[in-house]
Amino acid sequence: MIGPLAQVFSRRFVLVEATGGNENDRAANEKLSTQFQEAWRRTNFGPCRVIKDRELTADEEQRSHLVLLGNAVTNSVWGRLSPNLPVEMESKKISIGGRVYEGEALALQAWFPHPAIKGKKVVLIGAAYPEDAVFGTLELSLDGWFDYAIWGTNHGLSTLVAANGYPVIQKTP
């Protein structure tokens, strides 16, 4: 299955909350989790499944798409998978799929095939500095028409920097 981020939410998924980082990171990631869950309730009329990163079991990871909040430092699952994902986040730069985006307070929403489990997806929602993460939408089951989106801020307001699809790779006969 290829296609937009919204497709991930049409199958079993689990929201994986970040528990690492400093006090500001944890507070920001908790706020992001609450915002995602509220957006999910608004658009899907019920709660989503939620688990802490340190409580994710191998069985649950095998059965579910993963929606990871935070970043590779604050979310242990993201950190474990990050060496095999084509994305890097730095304080003023996000590199994804061979493209580089630069700016202040950048945040990411993206999906990738799970690097170790065929048929499963990993969604990343976060920023290098979680307290700076601002998203124009978290209603991704409806608004997730993209494969990835990069968000920034302009005068404290969320600004869409980029929303793109991954290139389609055609197999040669």
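Predicted model: local features only at pLDDT ≥ 70, side-chain atom pairs only at ≥ 80, totals over all residues.
**Entry 1**

Which residue forms a salt bridge with E60? I found R49, with the closest N and O atoms 2.6 Å apart; a salt bridge here is a side-chain nitrogen of Lys or Arg within 4 Å of a carboxyl oxygen of Asp or Glu. R49 lies in the loop between helix 1 (23-44) and strand 2 (50-52), whereas E60 lies in helix 2 (residues 58-63), so the pair ties together parts that are 11 residues apart in sequence. For these names, helices (H or I, at least four residues) and strands (E, at least two) are DSSP runs, numbered from the N terminus.

**Entry 1: other salt bridges**

I counted 9 salt bridges by this rule. One of them joins D59 and R63, whose closest N and O atoms are 3.3 Å apart, and because the two are 4 residues apart in helix 2, they are separated by about one helical turn. D59 is partly exposed at 49% relative accessibility, and R63 is partly exposed at 39%. I also looked at K93 and E90, which form a salt bridge with the closest N and O atoms 4.0 Å apart. Salt bridges that share partners join R12, R49, D59, E60 and R63 into one network.

**Entry 2: aromatic rings**

I found 6 aromatic pairs, taking rings of Phe, Tyr and Trp (its six-membered ring) as paired if their centres lie within 6.5 Å, with planes under 30 degrees apart called stacked, over 60 edge-to-face and the rest tilted. F9 and F13 form an edge-to-face pair, 5.0 Å centre to centre with 90 degrees between the planes, and both residues are buried.

Why is the pair of F9 and W40 called tilted? I read that their ring centres are 5.9 Å apart and their planes stand at 45 degrees, so the pair is tilted. This pair links distant parts of the chain, with F9 in the segment before strand 1 (13-17) and W40 in helix 1, 31 residues apart. F9 is buried at 8% relative accessible area, and W40 is buried at 11%. I noted that F9, F13, F36 and W40 form one aromatic cluster.

I traced an open sheet of 3 strands in the order 4-5-6, with antiparallel pairing; two strands pair if DSSP finds at least two bridges between them. Strand 4 (87-90) and strand 6 (99-102) stand at the edges with a single partner strand each, so one side of each is left without a neighbour in the sheet. Strand 4 and strand 5 (residues 93-96) pair over 4 bridges, and M89 stands opposite I94 in strand 5.

**Entry 3: confidence**

I checked pLDDT, the predictor's confidence in each residue from 0 to 100, and found a chain average of 91, with 94% of the residues scoring at least 70.

Methods
Residues numbered from 1 in each chain as written. Heavy atoms only, no water. Buried < 20%, exposed > 50% of the residue type's maximum accessible area, 1.4 Å probe, protein only.
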